[in-house]
Amino acid sequence: MIDPYGRSITYLRLSVTDRCDFRCGYCMAETMTFLPKAEVLTLEELERVCHAFIGLGVAKLRITGGEPLVRRDIMLLFRALGRRLKDGTLQTLTLTTNGSQLARYAGELAACGVRRINVSLDSLDPQRFEAITRRGHLQTVLDGITAAREAGLAVKINTVALKGINDDEFDELIAWCGSRGFDLCLIETMPMGAIGHDRADRYLPLKGVQADLERRWTLIPSLHRSDGPARYMEIAETGRRIGFITPLSHNFCASCNRVRVTCTGTLYLCLGQEDSADLRMPLRASRSDIPLVATIEDAIARKPKGHAFAVERGATRPAVARFMSHTGG
Ligand code: SAM
Ligand code: SF4
């Protein structure tokens, strides 16, 4: 799949549920109304979506959510995709998780062929962690991370940088990740979904964070590229990498190779634009995948050039109305 700007689309991020056992302040409102079941794709439909994209040249698949591991029977999907890894039609299968269910699933994920996972962790302080996630328990997540390590999964930690909330913890996170062999990725808050407070209050530009870290750590620009949008630096003191995901202050659209599908089967061509295509209709209208594949191909031909994010102080509406937990991170 080549889009109108010559970018080869080889990476799909698939959200398998909008539900979550946490309520992180930057991601969800305190009281969320989740989607009625009938609107969410069944596991069989999710599998058909994956097979269609793999058939069209997607080599890397990231499963996300909401919290993917709270979806009932989700291991059925991982097992099916594991078979595509085995037959070589899929190269990489990963997931982004809050870690709450990892202690239970890490071994099975590894057995399915998952080699690397991203775990979100915004604080190492139990009280602060609970305040940020509104209902998460730090120790459960730490136990999950330990289980992932023991299962042989490479772990990357994702931390959303939040002004006045966790911006005094980055040194500790760097040291903690370094001592465990994890890479760390700092993420700027993105204006997605109405969360009931002004996000500009929490927005922390990572340019300044990097400059501050460089006073204490030796950061060497790295040629490493994940398939995602992060820019990486090697940390000489720990031997691990730190990534900066700066969707607002650094434009990464030119090298974008990915698209997203929500748990309701909406294909989004760009995280920061509303351009989309409904895949649920062709999925449910026919047992054949031909209409589904045609809809995907037609949509890729409309992938926009770049996003339109801005976090403006006092902005009353988010730039994109849908929640991150709906589209998947
Ligand atoms: N529940 C899983 C988790 O937290 O890792 C997967 C889904 S979550 C939506 C994926 C990632 O998006 C997480 O790392 C989360 O911190 C990040 N995220 C959610 N809302 C965000 C926002 N408004 N700005 C930036 N990152 C956000
Ligand atoms: Fe749940 Fe992940 Fe959103 Fe936090 S960031 S509320 S863990 S989906």
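## Overall architecture

The protein contains 10 helices and 12 strands. The model is predicted. Of its 329 residues, 57% count as buried.

Among contacts with a separation of 6 or more, 72% join residues 24 or more positions apart.

An unreviewed UniProt entry places the feature "binding site" at Tyr26, Gly66, Ser120 and Met190.

An N or O atom in the side chain of Tyr26 is 3.1 Å from an oxygen atom of ligand 1. In Gly66, a polar backbone atom is 3.0 Å from a nitrogen atom of the ligand. For Ser120, a polar side-chain atom lies 2.5 Å from an oxygen atom of ligand 1. Ligand 1 taken alone exposes 540 Å², of which the protein buries 95%.

Tyr26 is in the loop between β1 (11-15) and α1 (43-55), whereas Gly66 lies in the loop between β2 (60-64) and α2 (74-86). Is Gly66 buried or exposed? Gly66 counts as buried because its relative accessibility is 17%, and the cut-off for buried is under 20%.

## The surroundings of ligand 2

Ligand 2 is surrounded by Cys20, Phe22, Arg23, Cys24, Cys27, Met28, Gly66 and Asn98. This shell has five nonpolar residues, two polar residues and one charged residue.

Three cysteines of the shell, Cys20, Cys24 and Cys27, carry the annotation "binding site" in an unreviewed UniProt entry. Cys20 is in the loop between β1 and α1, and Cys24 is also in the loop between β1 and α1. Cys20 counts as buried because its relative accessibility is 18%. Cys24 is likewise buried, with a relative accessible area of 15%.

What does Cys20 contact, leaving aside its neighbours within four places in sequence? The residues are Met28, Phe34, Gly66, Glu67, Val70 and Asn98.

## Two buried residues

Asn166 is found in the loop between β5 and α6 (170-180). Asn166 is buried because its relative accessible area is 0%. A polar atom of the Asn166 side chain lies 3.0 Å from the backbone oxygen of Asp122. Not counting residues up to four places away in sequence, Asn166 touches Asp122, Arg128, Thr159, Val160 and Ala161.

Arg84 is found in helix α2. At 18% relative accessibility, Arg84 counts as buried. Not counting residues up to four places away in sequence, Arg84 touches His51, Ile54, Thr89 and Leu90.

## Residues with positive phi

Asp73 is a residue other than glycine, yet its phi has a positive value, near 60 degrees. Asp73 is found in the loop between β2 and α2; Gly66 also lies in the loop between these two elements. At 46% relative accessibility, Asp73 counts as partly exposed.

Arg134 also has a positive phi, of about 65 degrees, although it is not a glycine. The place of Arg134 is in the loop between α4 (126-133) and α5 (138-150). Arg134 counts as partly exposed because its relative accessibility is 25%.

Terms used
Residues are numbered from 1 along each chain as its sequence is written. Chains are lettered from A and ligands numbered from 1 in the order in which they are written. This is a predicted model: local features need pLDDT of at least 70, side-chain atom pairs count only at pLDDT 80 or more; totals for chains, interfaces and linings use all residues. Side-chain values use heavy atoms; hydrogens and water are left out. UniProt positions are given in the numbering used here, feature names are shortened, and annotations may be inferred rather than shown by experiment. Helices (H or I, at least four residues) and strands (E, at least two) are DSSP runs, numbered from the N terminus. Buried means under 20% relative accessible area, exposed over 50%, partly exposed in between (1.4 Å probe, protein chains only). A residue is near a molecule or strand if one of its heavy atoms lies within 4 Å of it. Ala, Val, Leu, Ile, Met, Phe, Trp, Tyr, Cys and Pro count as nonpolar, Asp, Glu, Lys and Arg as charged, and the others, Gly among them, as polar. Contact means heavy atoms within 4.5 Å. A polar contact is a pair of N or O atoms within 3.5 Å; within protein, one must be able to donate a hydrogen and the other to accept it, and residues adjacent in sequence count only if both atoms are side-chain atoms. Accessible areas come from the Shrake-Rupley method with a 1.4 Å probe; for residues, only the protein chains shown count as cover.
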